[in-house]
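Have the viewer open as you read.

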Amino acid sequence: MKKILAFVLILALAFTAIACAAPAAAPAEEATTEAATEPAAEAAPAVTTYKVGVCIYKFDDNFMTLYRQELESYLKSLETDTVKYDVTIMDGKGDMAEQTNQVDTFLAQGVDVLIVNLVQSSSAATITDKAKAAGIPVVYINREPSADDMKAWDKICYVGADARQSGTYQGEIIASLPNKGDQNGDGVVSYVMIMGDPENVDAQYRTEFSIKALTDAGIQVEELFKQRGDWAQEKGQELAANALAQFGDKIDVIFCNNDGMALGAYQAIVAAGRTVGTDIYLVGVDALPECVQMVKDGTMTGTVLNDHIGQSHTAVDAAVKYLAGETVETYLWVDYQKVS
Ligand code: BGC
């Protein structure tokens with residue numbers, strides 16, 4: 001009897017064991033089958049990410065703001081599934097020492113290419129030396145280094161516009177007015193010149209060539225006032241207000257080396273009770289959207305398109321060429337256009 005009981009017990013245990021094991025075995029078998037019939041997973045495409053370091057002389061600049069925004073969005077638009085651009089843009093805050101540190105940091109971080117809008121054009125040699133030592137190409141933009149500095153290495157280039165052209169266009173806009181800019185009819189175009197940072201060739205050439213275009217057209221000129229406004233709207237306003245207070249109705253034209261300062265000068269003109277197009281003329285450079293609108297409305301006599309779109313795209317295209325190991329011409333010029 002004991003033997004029969006023991007046999008029944010063993011049988012029962014054996015059944016339980018089989019019953020417990022069976023459900024566990026089934027899914028394992030299924031998983032293996034699934035794995036066997038699934039297509040092999042595709043390998044993800046290899047992505048190359050280039051680090052692009054951008055230095056802007058100062059974020060608080062109307063024109064360079066448009067420029068840097070376009071630079072970044074155009075670079076991003078060139079990304080593909082396999083090529084990405086990791087862009088970092090630094091604000092030099094108008095301080096060359098700060099910008100030099102930013103370049104050092106970029107190089108230490110291993111950027112692949114630099115795009116640099118110098119705080120001081122005269123510091124190009126220092127920046128080029130550092131980049132050359134690290135083997136990192138540089139695209140200089142907007143503030144032109146000297147011709148000698150541009151010979152320092154074959155992996156640097158400059159993207160800009162010939163500022164002589166913009167100055168000439170400003171003068172031609174005035175010379176083509178029916179009274180050739182002589183609003184008070186005294187036979188002389190008496191002008192106020194509000195300059196950008198004079199270290200910058202854009203400021204030098206615009207100042208010189210705007211007046212040269214008048215004298216080349218046989219117009220007699222008289223300089224009443226010339227001061228630096230460093231490209232800034234507030235300074236443009238302050239200087240124009242001073243000039244208007246000092247010279248009043250004698251002023252025929254206010255030339256500003258850029259639109260930012262012209263916007264400031266316009267506020268001073270209105271505050272002085274003068275009317276652009278009637279008893280005074282006002283010209284700038286850049287063709288900021290608000291200034292193009294003012295030219296249409298007649299509250300500004302004219303401006304000159306400083307093509308930030310063309311320049312930023314040219315700069316990015318040059319940087320991309322460097323990344324591809326291609327050579328780039330030393331100078332890449334983008335034309336200005338009259339807006340009157
Ligand atoms: C622009 C100015 C700008 C300057 C900065 C010039 O080309 O006309 O608006 O402030 O560049 O360097």
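## What counts as a cavity

On a 1 Å grid over the protein atoms alone, a cavity is a set of points where a 1.4 Å probe fits but cannot get out. Keep in mind that this is a predicted model. Going by that rule, you get one cavity of 30 Å³ or more.

## The cavity

How big is the largest cavity? Its volume comes to about 110 Å³. It's lined by 13 residues, and those closest to its centre are Asp61, Phe63, Asn142, Trp231 and Asn258.

Sorted by class, the lining of the largest cavity holds five charged, four polar and four nonpolar residues.

## Around the ligand

Now for the ligand. The residues around it are Tyr57, Asp61, Phe63, Asn142, Arg143, Asn200, Asp202, Arg206, Trp231, Asn258, Asp286 and Asn306.

For Asp286, a side-chain N or O atom is 2.5 Å from an oxygen atom of the ligand. Asp202 has a polar side-chain atom 2.6 Å from a ligand oxygen, and for Asn258 the distance from a side-chain N or O atom to a ligand oxygen is 2.9 Å. As for cover, the ligand taken alone exposes 310 Å², and the protein buries 99% of that.

## The pocket

There's also an open space to look at: the largest pocket has a volume of about 190 Å³. Its lining is made up of Tyr57, Lys58, Gly94, Val119, Gln120, Arg143, Asp197, Glu199, Asp230, Trp231, Ala232 and Lys235. By class, that's six charged, four nonpolar and two polar residues.

Why is the largest pocket placed between the domains? Because domain 1 (48–161 + 308–339) and domain 2 (163–305) both give residues to its lining.

Definitions and conventions. Residues are numbered from 1 along each chain as its sequence is written. This is a predicted model: local features need pLDDT of at least 70, side-chain atom pairs count only at pLDDT 80 or more; totals for chains, interfaces and linings use all residues. Side-chain values use heavy atoms; hydrogens and water are left out. On a 1 Å grid over the protein atoms alone, a cavity is a set of points where a 1.4 Å probe fits but cannot get out, and a pocket is an open set with protein on both sides within 12 Å along at least five of seven lines; lining residues have an atom within 4 Å of a point. Grid points are joined across faces, edges and corners, and a volume is the space filled by probe spheres set on the points. Ala, Val, Leu, Ile, Met, Phe, Trp, Tyr, Cys and Pro count as nonpolar, Asp, Glu, Lys and Arg as charged, and the others, Gly among them, as polar. A residue is near a molecule or strand if one of its heavy atoms lies within 4 Å of it. A polar contact is a pair of N or O atoms within 3.5 Å; within protein, one must be able to donate a hydrogen and the other to accept it, and residues adjacent in sequence count only if both atoms are side-chain atoms. Accessible areas come from the Shrake-Rupley method with a 1.4 Å probe; for residues, only the protein chains shown count as cover. Domain bounds come from an automatic or database domain assignment.
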